[in-house]
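Let's take a walk through this structure together, one part at a time. Have the sequence and the 3D view open as you read.

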Amino acid sequence: MAHCERASKPLLQCLRNTYSRGVAGVQLQTRAFQSTASVREPEAETPSQPFHKAPDPSLVTSPRLERRLLRQGTTPIGSRRRRAALQDSENLPFEQLPYQCFQEARKILLADREEKLKEIEVMRQRLARQEALTDQESGGAKAKKSRVTAMQLHLERLKVLADINDPAVKRKFEDNEGDMSKPIYRFLADRKWREYRRKILVQRITQMNVVPDVLPHCDPVVDTKLYFGKRQVQAGEFVDAKLSTSAPKLDVQMFEGGEKLVTIAVVDPDVPNVENNNFDYKTHFLAVNVPISATSTKVDLAQLLEDSQVVLPWLPPVAQKGSPYHRLSLFIMEQKDSQPLDFAAFKAKENNRDTTLLRSLQSRYHLKAIGAHLFRTQWDDTTLEVMKEIGFDNANVELRRKRVEPLPYKRRNPSSFR
Amino acid sequence: MFKPRVLTPLRALERAFTPAIRSTPTQSQSLLRTLSATSTFPKTTPTPSLSRALLPFTQVRHASHASQGTANQHSRDPAGKRLGAKRSGGEYVVTGCIIFRQRGSLWFPGENCGMGRDHTIYATQSGYVRYYLDPLKHPKRRYIGVVFDKDEKLPHPRNAPSRRKLNMAPVPMAERVEAQSDLVASVDENGVRVTDVPAVEAESGLQMRPGYMYREANWEIGRAAEKAGITAMPHDRGNRWLAWRKRQQRAERAAQLKSLKGKKKTAKK
């Protein structure tokens, strides 16, 4: 095999070169709907410095260089196997690859795309016509609304279908270069999220009973990542008290177009109440009117505006010594019709951390949970320090289990033993 | 060999029946003699014709009956294992109280209950026992739960927050003791007494310790290297040179031991 490869390599290279030269004029087509695959020009200039001095993230294969790149803050692109394969490839764009079958298949896909684009145009016109109709003409406001929504859904679906078979789109998405303002990349990202990360999240919030304890129901539709400093926290992970003294950063990835205004709340349902022998709720953070969209995903809870967004600023979570672990659940709640809430009225009403219940907020302001996250805290070496910092009342008190008095010994059915 | 053995029971039979046969005048002759006379077989083998005549008296055991004796059947029956409900529905239980003993999971642990390694259901909270079904959780399983109020019902609605109890009391936090105490022994007329040395005196020098020894405390011996200022080189995963040297040394040592082993064997021979 190796011999045959070696033998055919010059031939192939020669073929490739002629092919690219021959087709170079043809392959620059204009794309009406969106520009996805930009033809990569083969870099002509030779690198002035050796590879190990300035490693290319798309070609690096040695673990040492990869690590160096990671330390510098750039992630190597794709898998190591792919990067190794790219090192001695011509790095030709898909249009110029010398595989006949591949090119024939591409032609079919391109024809399909053209068809889809036409369908999109037709659908857009129909939608515009439908929207221009009055209620009477289309048979009632309800019927019109349902028809328009169905058409919009179909249009979104067509937009995805137009690009889903494009190898360049797939490649771009896999390289994390996808543009989230385009429906196809949002669709792919959503699918990827639902395959694994969402399942884990749903499992954590249901197994740890966050969902019936804090909110009656939650169907996450946005991907939420939580960072304390630079460290990402997985759902349900234990976080040191010292680390969580400052407010976390969020990465809220929406998979729908448009912008939404959300309310963000961090609630601890495990505050021990010794007098009543049960647990209380405590709101560690509450902010309203936070805008999120598919392209602007970063939300720093410490950077939100004091005068128009933050209702209750971040309170570092601490767990008393001996108390069961605290679940700190973060919920992202969509405000109704993405309308801003009246901040002053909200702040005047919901200013008590201990009495604010997320359930009642949800029903009072018509919020809908679209995202969730969770981390836990327990007593650790740094807790006492944090407690003193925030002025925690019972810093020098620990909780001990109460003794369970055994039932009095009672002889069951004594007459039969005699 | 075979014939006399077969004939003996027949002779016995004849002896038993002769009085009855004699009484009937039609059969005045001996049964054996008549039968042997009618048979075509020689006198020495009268068995087949005999069996035909004595059909109502022979015992036939067919395969449909048990072939082995059933004499000790009842002694093989094991003792009862006292399984079943130990606490009925509505009864008050405390934490750890066993509610149901079973083989396999006939019942599953529901709210505030746990399952032991032999599938025993026990309470994890004090309260009142409930036996219930929870079709939303599992369509076929039967659950045993414990509720806090006497008239509370199970299962709870799916979206209701869970009802929990803290069962903890606040205690002032214990101060961490820095110095360690140690055991010492004292010998007097009452025998050997092992007592605790207060932490302050622990480092005062050699003391009489269990085993009639004046020596330092165990923990002091353990800290000897620390006192002497001997520090071990911290392990560095990346130091492959050191790792290689150690590996080489180990291999050398192993080779040496192996060679010694071989020499001994040859010496024996």
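**A guided look at two chains**

In chain B, Ala85(B) stands opposite Phe100(B), a residue of strand β3(B). Strands of a sheet pair through backbone hydrogen bonds, either parallel or antiparallel.

Arg82(B) lies in the loop between α3 (47–53) and β1 of chain B. Its phi is positive, near 55°, although Arg82(B) is a residue other than glycine. Most residues other than glycine have a negative phi, and most peptide bonds are trans. Is Arg82(B) buried or exposed? Arg82(B) is exposed, because it has 7 other C-beta atoms within 10 Å, and a residue with 12 or fewer counts as exposed.

Strand β2 (residues 92–93) of chain B pairs with strand β7 (residues 127–133) of chain B in the antiparallel sense, over two bridges. Here Val93(B) stands opposite Gly127(B) of β7(B). β7(B) also pairs with strand β8 (residues 142–147) of chain B, again in the antiparallel sense and over six bridges. Within that pairing, Tyr131(B) has Ile144(B) of β8(B) as its bridge partner. Going on to the loop between β8 and β9 of chain B, you come to Pro155(B). The peptide bond that leads from Leu154(B) to Pro155(B) is cis, with omega near 0°.

How far can you trust what you see in chain B? The average pLDDT of chain B is 78, and 66% of the residues score at least 70. Over residues 23–32 of chain B, however, the pLDDT is below 50, and this stretch has seven contacts in the model beyond near neighbours in sequence. The pLDDT is also below 50 over residues 34–47 of chain B, a stretch with 15 such contacts. Where pLDDT is low, the predicted coordinates should not be read in detail. For the complex, the predictor gives an ipTM of 0.76 and a pTM of 0.70.

Now cross over to chain A by way of the contact between the chains. This contact takes 25 residues from chain A and 18 residues from chain B. On the side of chain B that touches chain A there are eleven nonpolar, five polar and two charged residues. Strands take part in joining the chains: β11 (residues 397–401) of chain A and β9 (residues 168–172) of chain B pair in the antiparallel sense over five bridges. In this pairing, Val397(A) has Pro172(B) as its bridge partner in β9(B).

Chain A itself has twelve helices and eleven strands, and buried residues make up 23% of its 418 residues. The domain assignment of chain A gives domain 1 (100–192) and domain 2 (196–390). The C-alpha centres of these two domains lie 35 Å apart. Where the domains of chain A meet, six residues of domain 1 are in contact with five residues of domain 2. By class, the six on the domain 1 side are three nonpolar, one polar and two charged.

Asp112(A) is in helix α4 (residues 100–132) of chain A. From C-alpha to C-alpha, Asp112(A) and Asn165(A) are 9.2 Å apart in space, while in sequence they are 53 residues apart. Asp112(A) is partly exposed, with 14 other C-beta atoms within 10 Å. Asn289(A), in strand β6 (residues 278–293) of chain A, has a positive phi of about 55° although it is not a glycine. With 21 C-beta neighbours inside 10 Å, Asn289(A) counts as buried.

Finally, look at helix α12 (residues 383–390) of chain A, where Thr383(A), Val386(A) and Met387(A) are buried. These three cover an arc of only 105° around the axis, so they are on the same side of α12(A). An α-helix has 3.6 residues a turn, so residues three or four places apart point the same way. After α12(A) comes Gly391(A), with a positive phi near 70°.

Notes
Residues numbered from 1 in each chain as written. Chains lettered and ligands numbered in written order. Predicted model: local features only at pLDDT ≥ 70, side-chain atom pairs only at ≥ 80, totals over all residues. Helix = DSSP H or I, 4+ residues; strand = E, 2+ residues; numbered from the N terminus. Buried ≥ 20, exposed ≤ 12 C-beta atoms within 10 Å, placed from the backbone. Nonpolar A, V, L, I, M, F, W, Y, C, P; charged D, E, K, R; others polar. Pairing = 2+ DSSP bridges. pLDDT = per-residue confidence, 0-100. Domains from an automatic or database assignment. Arc of directions from axis to C-beta.
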